[in-house]
Amino acid sequence: MRDVAVIGMGLTPFGELWDTSLRDLFAIACADCLEDAGVARDQVQSAYIGCMTSGLFVGQEHLASVLCDYAGLRGLAATRVESACASGGAAFRAAYLEVASGASDFVLAGGVEKMNDGADATYCLATAADQEYEAYNGVTFPGLYAMIAKAHMAKHGTTPQQLAAVAVKNHRNGAKNPKAQFPLEISEKTVLGAVRVAEPLGLFDCSPVTDGAACVLLAPVEFARKLGKPVVKIIGSGHATDAIALHDRKDPSTIPVVALAAQRAFKQSGLTIRDIDFAEVHDCFTIAEIVCTEELGIFEPGQGGPAAAAGKTARDGEFPVNTSGGLKSKGHPVGATGIAQICELYAQLTGNAGGRQLKNPRRGLAQNMGGSGGSCTVHILEVEQ
Amino acid sequence: MISPRYHREKPQRYRLEAGKCTKCGEIHFPPRKVCRKCFAREFETVELPRRGKVVTCTTVWIPPAEFDDQKPYVNAIVELENGVRLTVMISEAPPDEVDIGTEVEIVFRRLQHGPAWEVIRYGYKARVIAG
Ligand SMILES: [Zn+2]
């Protein structure tokens, strides 16, 4: 395998974009990405595009064809990748492996979701759970994470205030992100007093329903070194699946697929979590960020809640998490999220993160998760010094 | 939901039929074609016990449309007496009577209302065991 770099990114604004269609979202992110990379369209050899459920959200499948055509890339070898909310991360990994293998030099990794188009989002998202043995019995996605939260609270004493600290922190970061859906600071009182969705989670414990697209372009690292820009290398890629149903896993206060994917990414890079400076973590719900920071080894089991409340994951904390605002504030267009996380790592590592820029970060980690923990990807990016 | 898909799952939803691996004894609910533990492919049909305890739970306030008439309702993961776990809706109990450790029994109930032209969807729920 040869070394691979990210050489450009494109990201649409995230939000309720009623005037922009699925295909147009992708076309904007893709064109922005190629422009940023400075690579001509005829140099691109293939694309992997993450999308969870365009069939349910907008009635359109066969995305590789429609998206590439409308992005001005008719003829491109392209594949749509689906792994629920981890579709973007899985697409990124496929693109990475294609360049690493030497089969192609320039491969686009994209993600898109158009969630505001009239469909019942609660129903569409519940398809990431076991349709016959979870959703059939009335469980929703917030319901699954609420059961994880309840178990975590019982086992470790995690509190609603600690969950709220995640939302408050991510909104504080998102307020500095011009692409965020809800770039607004919120108070703990707002989170705790919000309308209930699934106990113990309220509306402000949940990521929003979002339209958006994201793309990055990958190339061999030797090419990236000729561009005169900071060189951002992919040094670890981990991917894992687990049982789809939460009840089929031993301990509902944990999400073991995250630790498994992380272990694979760390093994490839020869690093541990102590070598990482910051992370984008899959905070589809506040409890998810707490559990994932534990599964990644940033904190010990049970310490994710106290750490969030103590400000350890803030931008100026010991391990910044979700400087982009996370899924919570930036928004969560499910298929695009995994690529948008990579965009944040790339922006931070190249010094282009604006008002939320960290001071000279060297390595960032992106963790993207499907369903209640049925799949996960972890990627580690490093900027060459 | 089309009726073949519904009818296919009836042995599980109506009678809690599970598949017990004849080689290693692992019980799978729903039944599978390949044992997750030993990779064997032969099973005998067994029925699950009806009693168990709540492992974790939640009160759902914002359900998908087919469950709207039942909100708010409690969903729980229940561990049955033989260790098999199921996701269930709790029947006939206010949310504050259900917590981790609450003892329940599985009962047969109507689960959801689809459109009028579709099959009525039945299956298992769990009921709190009094006292
Ligand atoms: Zn077996």
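This is a predicted model: local features need pLDDT of at least 70, side-chain atom pairs count only at pLDDT 80 or more; totals for chains, interfaces and linings use all residues.
Q: Which residues of helix H3 of chain A are buried, and what do they pack against?
A: Helix H3 spans residues 63-70, and its buried residues are A:Leu63, A:Ala64, A:Val66, A:Leu67 and A:Cys68. To be called buried, a residue must have under 20% relative accessible area. These residues of H3(A) pack against helix H1 (22-37), helix H2 (54-57) and strands E2 (46-50), E3 (77-81) and E4 (107-114) of chain A.

Q: Which atoms are the protein donors of the zinc ion?
A: They are the SG atoms of B:Cys21, B:Cys24, B:Cys35 and B:Cys38, lying 2.3 Å from the ion. Along the chain the donors follow the spacing C-x2-C-x10-C-x2-C.

Q: Why is the arrangement around the zinc ion called tetrahedral?
A: The four donor atoms subtend angles of 103 to 114°. Four donors count as tetrahedral if all angles lie between 85 and 135 degrees, and therefore the arrangement is tetrahedral. For four tetrahedral donors the ideal angle is 109.5 degrees.

Q: Why does B:Cys21 count as buried?
A: The relative accessibility of B:Cys21 is 2%. The limit for buried is under 20%, so B:Cys21 counts as buried.

Q: Why is B:Cys24 called partly exposed?
A: B:Cys24 has a relative accessible area of 32%. Buried needs under 20% and exposed needs over 50%; B:Cys24 is therefore partly exposed.

Q: What makes up the contact between chain A and chain B?
A: Chain A gives 29 residues and chain B gives 39 residues. Between them the two chains bury about 2700 Å², with 55% of it on carbon and sulfur atoms. Of the area that chain A buries against chain B, A:Tyr133, A:Tyr136 and A:Asn137 supply 30%, more than any other three residues.

Q: How do you know that B:Arg5 and A:Glu132 meet in a salt bridge?
A: Their side chains are 2.8 Å apart, N to O. The cut-off is 4 Å between a side-chain nitrogen of Lys or Arg and a carboxyl oxygen of Asp or Glu, so the pair qualifies. The count between chain A and chain B is five salt bridges.

Q: Which element supplies the largest share of the side of chain A that touches chain B?
A: H6(A) does, with six residues. Helix H5 (121-126), helix H6 (141-156) and strand E5 (196-198) of chain A each supply at least two residues of that side.

Notes. Residues are numbered from 1 along each chain as its sequence is written. Chains are lettered from A and ligands numbered from 1 in the order in which they are written. Side-chain values use heavy atoms; hydrogens and water are left out. Donors are N, O and S atoms within 2.8 Å of the metal (3.2 Å for Na, K and Ca); water is not among the atoms, so sites may look incomplete. Four donors count as tetrahedral if all angles lie between 85 and 135 degrees; four count as square planar and six as octahedral if opposite donors are over 155 degrees apart and all others between 65 and 115; anything else is irregular. Buried means under 20% relative accessible area, exposed over 50%, partly exposed in between (1.4 Å probe, protein chains only). Contact means heavy atoms within 4.5 Å. Buried area is the accessible area (1.4 Å probe) that two parts lose on being put together, summed over both. Helices (H or I, at least four residues) and strands (E, at least two) are DSSP runs, numbered from the N terminus.
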